[in-house]
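Biologist: I would like to go through the terms used for this model and see what stands behind each of them. Please show the structure.

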Amino acid sequence: VWSQPSCLYISASYFSVRSVAFSDTATVVTLQTNHAQNSVRFSHATFLRADDGRHYAVRYCKEYALDEWMPVDRQSESVVTLVFEPIKGRQRALDLLEGYAVNDFKFFGIHDAGKPMKLQPFPYESKEVKDFRASFFTSDSVCIRGRFEVIPADRLGTIEHRDIFSGKDYPLAVTVNDDGTFERRFKVDHPVAYTLYFEQTSIPFIALPGMTVNILVNKNGKVDYTVGEGRPHPFARLLQHGFHDLTSYDYRAFREDTKQLDFKAFAQKMERVAQTDVRLLDYLARRYELSPLEYAVAKTSALLGAACHFLDFEMMVRDSRTDSVLQAQMNEPENYRLLKQLIIDDRLVLMFQRYDIFQNRYSYMDLIMKSVWKVDEGGDYADRSHAEADSM
């Protein structure tokens with residue numbers, strides 16, 4: 001039995017893993033939900049993924065029927081016991097997956113808390129990554145072409161396309177035809193990591209200039225990706241598993257931390273979040289055989305996410321000018337170490353839509369503004385036409 005095991009990542013913050021019990025007849029995983037905001041259910045397709053990559057199917061749930069919504073009591077804790085096929089041999093870690101669809105529950109890296117996993121950093125630099133960076137800025141059109149096996153109720157989707165350099169938004173409409181197919185072309189100046197949004201589903205994709213991305217949305221929600229005439233998509237594993245946008249820190253946690261932490265404590269918290277997310281990717285990269293390029297993109301995304309949270313917090317507290325302790329913390333270089341972990345001039349950050357938010361927050365960060373614009377004794381910015389030449 002793994003009692004109160006550790007877990008590298010859980011897709012829903014209100015879940016925790018209470019135990020994993022191994023026997024000759026079954027593997028039993030007990031989960032606890034804490035104040036879940038919505039009713040939840042587990043699909044009959046739920047499985048455990050073992051060290052060797054083999055899948056062990058769920059047999060039943062003790063408390064509720066699979067595929068049926070569980071009632072949620074928001075005032076108390078509830079237990080969910082999932083019974084799986086027996087796993088032979090000792091395991092270093094398990095992944096509990098409802099499936100690979102975007103909204104499926106995912107528990108990565110469940111392991112015995114008494115035996116912490118030793119994870120080696122995944123190799124980041126490679127010829128593949130260097131070549132990708134070298135050809136990054138290329139202007140060409142991309143084609144997003146796909147098919148739904150089950151036609152969605154809402155047949156009008158959108159892609160939020162933005163030109164980072166001009167600051168202009170170009171929302172793109174995507175219409176699903178009667179046979180379930182869809183297609184949209186648009187111009188890009190570098191690789192992009194976008195999402196095709198419908199009312200009931202969202203489909204992430206990564207496209208390079210000149211690429212045709214083929215998307216098949218299966219009946220079970222799983223998405224398959226190829227390029228051109230059916231060649232493997234270079235980021236297929238990253239997209240199918242959702243590793244391109246993975247973080248152990250969600251908005252709910254951010255909202256709570258903004259109520260409790262000062263600037264220094266939050267800066268340290270975001271450093272730990274970044275380290276945790278990179279450690280998670282080191283685990284996933286080897287377990288799911290990611291390429292160095294897939295890892296480089298996923299790591300950039302994770303660090304960018306932590307940096308955005310940090311700058312959002314800075315924006316929220318920057319006007320607390322009457323708090324001398326807080327202002328001293330915001331002037332301390334040590335509290336900005338997180339931004340050094342993110343290579344600011346790394347062009348890969350331009351792939352992600354939230355880079356625009358990052359750049360905005362960074363440009364108007366208090367320290368940047370103070371260095372660029374004259375500030376009077378009351379802390380108000382002077383006429384912005386009087387920027388200091390040396391600071392600029």
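Predicted model: local features only at pLDDT ≥ 70, side-chain atom pairs only at ≥ 80, totals over all residues.

Biologist: Where is Ser 19 placed, and what does Ser 19 touch?

Modeller: Ser 19 belongs to strand 3, residues 15–22. Strands (E, at least two residues) and helices (H or I, at least four) are DSSP runs, numbered from the N terminus. Leaving out residues up to four places away in sequence, Ser 19 touches Trp 2, Gln 4, Pro 5, Val 28, Val 29 and Thr 30. Contact means heavy atoms within 4.5 Å.

Biologist: Why is Thr 276 called partly exposed?

Modeller: The relative accessible area of Thr 276 is 36%, so Thr 276 is partly exposed. Thr 276 is found in helix 4, residues 263–287.

Biologist: What makes helix 3 and helix 5 oblique?

Modeller: Helix 3 (residues 251–260) and helix 5 (residues 292–317) pack at an angle of about 40°, with their axes 11 Å apart. Axes are lines fitted to C-alpha atoms, for helices over the stretch in contact, and angles run from 0 to 180 degrees between N-to-C directions. Angles under 35 degrees count as roughly parallel, over 145 as roughly antiparallel, 65 to 115 as roughly perpendicular and the rest as oblique. The two helices are therefore oblique to each other.

Biologist: Which residues make that contact?

Modeller: Helix 3 brings Phe 254, Asp 257 and Thr 258, and helix 5 brings His 309, Asp 312, Phe 313 and Met 316. By class, the contact of helix 3 with helix 5 has three nonpolar, two polar and two charged residues. Ala, Val, Leu, Ile, Met, Phe, Trp, Tyr, Cys and Pro count as nonpolar, Asp, Glu, Lys and Arg as charged, and the others, Gly among them, as polar.

Biologist: What makes helix 1 oblique to helix 5?

Modeller: The axes of helix 1 (residues 127–134) and helix 5 come within 8 Å and cross at roughly 60°. That angle makes helix 1 oblique to helix 5. Glu 128, Val 129 and Phe 132 of helix 1 meet Pro 292, Leu 293 and Ala 296 of helix 5. This contact of helix 1 with helix 5 has five nonpolar, no polar and one charged residues.

Biologist: How do you know that strand 11 and strand 12 pair?

Modeller: Two strands pair if DSSP finds at least two bridges between them. Strand 11 (residues 156–163) and strand 12 have eight bridges, in the antiparallel sense. In one of them, Glu 160 has Pro 171 of strand 12 as its partner. Strand 11 and strand 14 pair over two bridges, also antiparallel.

Biologist: Why are strand 12 and strand 15 said to stand at the edges?

Modeller: Four strands form an open sheet in the order 12-11-14-15. Strand 12 (168–175) and strand 15 (202–207) each have a single partner strand, so one side of each is left without a neighbour in the sheet.

Biologist: What makes strand 14 mostly covered?

Modeller: Five of the six residues of strand 14 (residues 192–197) are buried.

Note on methods:
Residues numbered from 1 in each chain as written. Heavy atoms only, no water. Buried < 20%, exposed > 50% of the residue type's maximum accessible area, 1.4 Å probe, protein only.
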